Amino acid sequence: DKTVVKLLQGESIVSFIKGVDRLLYLVVILWLLIVYLDLVLSFFPWTFAAAASLYELIIGPLKTFGTAFTEYLPNLFFLATIIVVTVYILRTIKFFFSRVESKAITIKGFYSDWSTPTFQLVRIIVIVFAVVAAFPYIPGSSSPAFKGISIFMGVIISLGSTSAVANIIAGLVLTYMRPFMVGDHVKVGETVGMVTERRLLSTRIQTPKNEMVAIPNVYLVGNHIINYSYMSKEKGLLLHTAVSIGYNAPWRVVHDLLISAALDTAYILKQPKPFVLQTSLEDFYIRYELNAATDHPESRPQIYSELHQNIQDRFAGAGVEIVSPHYRQIRGGGADAIPDVSGGEER
């Protein structure tokens with residue numbers, strides 16, 4: 001660790017020793033000065049009382065500190081025991097969940113990616129129980145000042161962490177719901193992209209335009225999440241696009257043209273084979289929907305673009321007009337309304 005390395009450098013050690021040396025020097029000088037004053041004042045009858053008061057002023061706090069330390073010594077041993085036991089319990093729990101994460105230990109119905117968040121949750125519970133058990137044995141815990149500070153800090157945390165706690169709980173809900181994993185391509189609201197990071201308070205999504213969007217976990221829990229990657233490796237993600245073709249074109253020809261355009265598109269799977277659905281019979285055209293599977297959900301924009309290009313080429317080559325969504329053309333024999341680029345009047 002860089003911090004540890006920097007701390008253990010020679011210059012840091014020398015600076016630390018010099019600081020301790022200065023502190024000890026000041027303490028010794030102050031102590032000798034007080035002893036000297038007490039001794040000098042005790043030589044004279046009229047300052048003897050002052051010397052005694054000075055002695056009590058110095059020795060009194062030390063006696064009080066020593067007595068309090070002696071009385072709290074059993075409590076300190078109890079606190080040390082709680083700390084040691086808690087540390088070893090946490091190490092044991094961490095070792096267990098690390099083995100679960102590496103799949104060396106398998107638990108039915110428990111996914112390996114749950115290991116880290118579950119460990120964090122269990123660690124918080126163990127630490128809270130340890131603090132509750134140790135609180136009565138902390139020196140000064142029963143004093144009014146300590147209780148006042150505790151209440152004040154509790155109120156501040158309660159008022160300032162409402163949204164944070166809600167996001168943390170939402171993050172835990174998302175973890176155990178498993179609606180997506182890091183690397184999945186999802187759609188949340190109007191945001192579409194790849195999940196790059198899941199944090200305690202938010203989730204980061206990178207859009208196809210390389211925009212990094214941080215979405216609070218509360219928003220994710222309260223909205224629909226579309227996961228494009230969940231089934232893409234097993235059955236393929238179905239991409240679909242629609243065209244409107246007039247009644248004069250045979251539907252079998254239209255089906256063949258659409259399927260041919262899909263099979264010539266990169267990242268479109270041959271199996272399952274693309275298929276066409278006739279979704280509606282409108283007044284002037286028939287609506288055809290092409291469905292084709294892909295196992296590259298991250299390339300959806302590029303696949304759609306190439307697929308539309310292939311559809312245009314296939315229909316143009318076959319002489320079939322695409323009248324989607326509406327197409328009207330009236331020609332009365334007049335000239336095109338195109339400006340003359342040579343500077344003359346319209347032709």
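In what sense do β2 and strand β3 (residues 202-206) pair, and over how many bridges? The pairing is antiparallel and comprises four bridges. The views below show a predicted model, in which local features need pLDDT of at least 70, side-chain atom pairs count only at pLDDT 80 or more, and totals for chains, interfaces and linings use all residues. Residues are numbered from 1 along each chain as its sequence is written, and side-chain values use heavy atoms, with hydrogens and water left out.

**View 1. Overall content of the protein.** The protein holds nine helices and eight strands; these are DSSP runs (helices H or I, at least four residues; strands E, at least two), numbered from the N terminus. Of its 347 residues, 25% count as buried, where buried means under 20% relative accessible area, exposed over 50%, and partly exposed in between (1.4 Å probe, protein chains only). Among contacts (heavy atoms within 4.5 Å) with a separation of 6 or more, residues 24 or more positions apart account for 59%.

**View 2. The open five-stranded sheet.** The strand order is β4-β3-β2-β1-β5, with antiparallel pairing; two strands pair if DSSP finds at least two bridges between them. β4 (212-216) and β5 (225-227) stand at the edges with a single partner strand each, so one side of each has no neighbour in the sheet. From one strand to the next the twist averages 40°, with axes taken as lines fitted to C-alpha atoms, for helices over the stretch in contact, and angles running from 0 to 180 degrees between N-to-C directions.

**View 3. Strand β1 and its two partners.** Strand β1 (residues 185-188) is joined to β5 by three bridges, in antiparallel fashion, and V186 stands opposite N227 of β5. Four bridges join β1 to β2, again antiparallel, and K187 has V192 in β2 as its bridge partner. The β1-β2 hairpin has two residues between its strands, and G189 in the turn takes a positive phi of about 65°.

**View 4. The hairpin of β2 and β3.** Three residues lie between β2 and β3 in this hairpin. R198 stands opposite T203 in β3.

**View 5. Helix α9 and its two faces.** Helix α9 (residues 300-318) has 19 residues and spans 27 Å from its first C-alpha to its last, close to the 27 Å expected at 1.5 Å a residue; the expected span is 1.5 Å times one less than the number of residues. Its buried residues are R300, I303, Y304, L307, N310, I311 and F315. They cover an arc of only 130° around the axis, which puts them on the same side of α9; the arc is that of the directions from the helix axis to the C-beta atoms. Their cover includes β2 (191-198), β6 (237-245), α8 (251-263) and β8 (286-294). The face turned away from this buried side carries the exposed residues Q302, Q312, A316 and G317. Just after α9, G319 has a positive phi of about 75°.

**View 6. The nonpolar cores.** A nonpolar core is a set of buried Ala, Val, Leu, Ile, Met, Phe, Trp, Tyr and Cys residues joined through side-chain atoms within 4.5 Å. The largest has 24 residues, and those with the most contacts inside it are I245, V254, L258, Y288, L290, I311 and F315. β6, α8, β8 and α9 are the elements that give two or more residues to this core, and α8 supplies the largest share, six residues. V254 touches I245, A249, Y288 and F315, not counting residues up to four places away in sequence. Apart from this core lies another, of eight residues, among them L174, V186, V188 and I205.
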